[in-house]
Amino acid sequence: MLEISYIRENRERVLEGLKVRNFSEEELEIVEKVIALDDKRKTLQTDLDNKLAERNSISKSIGDLFKQGKKDEANAMRQQVNDLKDTAGQIEEDLKATKATLAETLVQLPNIPHPSVPAGNTDEDNEIAKDWPGALPELGEDAKPHWELATQYNVFDLELGVKIAGSGFPVFRGKGARLVRALIAFFLDEAARAGYEEVIPPLLVNESTAYGTGQLPDKEGQMYHAEKDDLYLIPTAEVPVTNIYRDVIIKDESDFPIKLTGHTPCFRREAGSYGAHVRGLNRVHQFDKVEIVRIEHPDRSYEALDEMVKHVEGLLEKLELPYRILRLCGGDLGFTSALTYDFEVFSAAQKRWLEVSSVSNFETFQTNRLKLRYKTEQGNRLAHTLNGSALALARIIASLMENNQTPEGIRIPKALQSYTGFDLID
RNA sequence: GGUGAAGUGGGUGAGUGGCUGAAACCACCGGUUUGCUAAACCGGCGUACUCUUAACGGGGUACCGCGGGUUCGAAUCCCGCCUUCACCGCCA
């Protein structure tokens with residue numbers, strides 16, 4: 001959520017930013033609406049405070065009078081306070097309503113894109129920040145998509161998942177299951193080497209947590225909801241891990257950077273997504289992912305973003321997968337993000353690029369909701385949050401299977417072999 | 001799941017209707033003293049909103065788990081919820 005003070009002081013930049021996100025003239029009016037609501041809120045707040053101050057002072061006098069034994073005078077003043085309470089009560093109701101409307105409106109405003117974010121509507125307008133330098137692998141006509149290889153080599157079974165849960169819940173088996181475990185361990189080890197502290201967070205979160213990182217209210221339909229206990233299944237480790245720092249005031253600027261990593265399964269409803277492009281592991285309801293999360297000083301968050309990009313690149317290189325990096329355009333940028341790099345891996349049998357990582361700087365958009373601040377001489381300021389997938393497993397497995405298929409079986413990249421204990425799935 | 005107890009500032013913890021934004025101690029920061037360190041002494045030390053000021057600052061309001069209520073006045077009384085602890089039950 002954007003800070004009101006920021007909107008007030010940078011109205012033009014906010015409007016420009018929303019245009020990059022393809023807001024129409026009409027939609028842009030929300031900015032004026034927010035400011036008007038905030039004006040009203042301030043006036044009401046001041047009114048209310050004045051009434052309460054008056055009440056407090058009269059109440060104090062009443063107490064003094066009672067002590068002095070001047071009962072009649074004291075009782076006479078009671079009516080004054082009662083009248084005051086009535087007006088104060090009305091103002092308070094009005095204030096509450098205004099605050100609620102303001103909050104509802106403010107929540108509709110997405111983050112302001114970083115100046116480097118290209119304009120555009122769809123994923124076709126994303127900018128290629130780094131292309132794959134060499135030729136893309138060519139497998140020939142008899143190459144199989146990963147879902148066919150899965151059956152051939154018993155890597156995972158989607159139909160079995162349907163029986164147990166429903167569509168989009170793969171059951172990994174044998175060497176496939178072992179490959180999942182190997183990738184998780186590999187990614188976590190790499191993150192640890194890069195200085196990230198490993199955490200194992202809850203997989204179900206409450207409403208405040210889902211709100212803190214911006215999944216609520218914007219993406220409610222994306223999450224599974226356990227209604228009886230009012231808990232949400234996490235769509236990414238970002239949610240519980242970043243919320244570790246909800247309502248925290250970091251004592252000293254030298255405590256930055258805070259670097260956390262965690263592996264979790266991720267649950268996504270992906271309602272209504274069916275068809276050829278979501279076959280196999282391309283889009284599933286449950287997948288494993290290792291996430292890296294950083295809490296940074298505002299002056300250094302973009303440096304941190306670059307570091308995270310490098311980290312993810314390193315992983316893909318060790319996995320020997322052809323990849324490219326996209327800078328998302330305004331239309332494709334997530335609601336909460338100021339700048340996002342997507343990583344795509346080329347899956348040679350499908351001849352498609354598959355998104356396997358998304359690395360974003362949220363600046364203060366999340367920390368404003370999280371109330372995540374750090375102390376400075378001039379008072380408390382909002383920190384910056386960032387996160388990135390490092391990496392999401394399902395699609396990595398899809399492209400590993402496709403790109404590394406040989407007549408003998410599926411070849412395991414060197415970097416993984418010490419984790420899998422085998423170099424071929426056959 | 002049942003029964004009982006408790007939730008106060010970074011921590012321990014006092015406070016049962018007005019003099020309490022909240023004692024005291026610890027931690028932390030600044031200073032004095034001091035070969036160094038330590039000790040001792042002095043001072044400072046919550047958050048949010050708001051008004052005012054060029055700024056330093058100053059004023060006001062709210063916050064003692066959360067939400068409601070009683071009262072002229074609530075950390076303190078009442079109701080609901082949440083959490084924690086103890087015991088019992090169940091259990092990977």
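Mentor: A charge sits over a ring if NZ of Lys or CZ of Arg is within 6 Å of the ring centre and within 35 degrees of the ring normal. Please keep in mind throughout that this is a predicted model.

Trainee: With that definition in hand, over the face of which residue does Arg 369 lie?

Mentor: A charge must come within 6 Å of the ring centre to sit over a ring. Arg 369 is placed at 4.6 Å from the ring centre, and the residue whose face it lies over is Tyr 211.

Trainee: And how far is the charged end of Lys 259 from the centre of the ring of Tyr 196?

Mentor: The charged end of Lys 259 sits over that ring, which belongs to Tyr 196. Its distance from the ring centre is again to be held against the limit of 6 Å, and that distance is 4.8 Å.

Trainee: Stepping back to the whole of chain A, how far apart are the centres of domain 1 and domain 2?

Mentor: Chain A is divided into domain 1, which covers residues 4-106, and domain 2, which covers residues 123-425. When the centres of the two domains are taken over C-alpha atoms, the separation between them is 43 Å.

Trainee: How many of the eleven residues of helix 12 are buried?

Mentor: Helix 12 spans residues 393-403 and is mostly covered. Its buried residues include Leu 393, Ile 396, Ile 397, Leu 400 and Met 401, and Glu 402 and Asn 403 are also among them.

Trainee: Which element gives the most residues to the lining of the largest pocket?

Mentor: The largest pocket holds about 1400 Å³ of space, and of its 48 lining residues the closest to the centre are Arg 268, Asp 342, Glu 355, Ser 358 and Arg 395. Among the elements that give two or more residues to this lining are strand 10, strand 12, strand 16 and helix 12. The lining divides into 17 nonpolar, 16 polar and 15 charged residues. With nine residues, the element that gives the most is strand 13.

Trainee: What is the make-up of the lining of the second largest pocket, in nonpolar, polar and charged residues?

Mentor: The second largest pocket has a volume of about 520 Å³, and of the 22 residues that line it, the closest to its centre are Leu 158, Gly 168, Val 278, Arg 279 and Gly 280. Helix 5, strand 2 and helix 6 are the elements that each give two or more residues to this lining. The make-up asked for is nine nonpolar, eight polar and five charged.

Trainee: How many aromatic pairs does the structure hold?

Mentor: One cluster joined by ring pairs is made of Trp 132, Tyr 323 and Phe 343. Over the structure, the number of aromatic pairs is nine.

Trainee: What kind of aromatic pair do Phe 156 and Phe 172 form?

Mentor: The ring centres of Phe 156 and Phe 172 are 5.5 Å apart, and their planes stand at 55°. Planes under 30 degrees apart would count as stacked and those over 60 as edge-to-face, so the angle here falls in the class that remains. The pair is therefore tilted.

Trainee: Is Phe 172 buried, exposed or partly exposed?

Mentor: Buried means under 20% relative accessible area and exposed means over 50%. Phe 156, at 5%, is buried. Because Phe 172 has 23% relative accessibility, it counts as partly exposed.

How values were computed. Residues numbered from 1 in each chain as written. Chains lettered and ligands numbered in written order. Predicted model: local features only at pLDDT ≥ 70, side-chain atom pairs only at ≥ 80, totals over all residues. Heavy atoms only, no water. Domains from an automatic or database assignment. Buried < 20%, exposed > 50% of the residue type's maximum accessible area, 1.4 Å probe, protein only. Helix = DSSP H or I, 4+ residues; strand = E, 2+ residues; numbered from the N terminus. 1 Å grid on protein atoms, 1.4 Å probe; cavity = no way out; pocket = protein on both sides within 12 Å on 5 of 7 lines; lining within 4 Å. Points joined across faces, edges and corners; volume = space filled by probe spheres on them. Nonpolar A, V, L, I, M, F, W, Y, C, P; charged D, E, K, R; others polar. Phe/Tyr/Trp six-rings, centres within 6.5 Å; stacked < 30°, edge-to-face > 60°.
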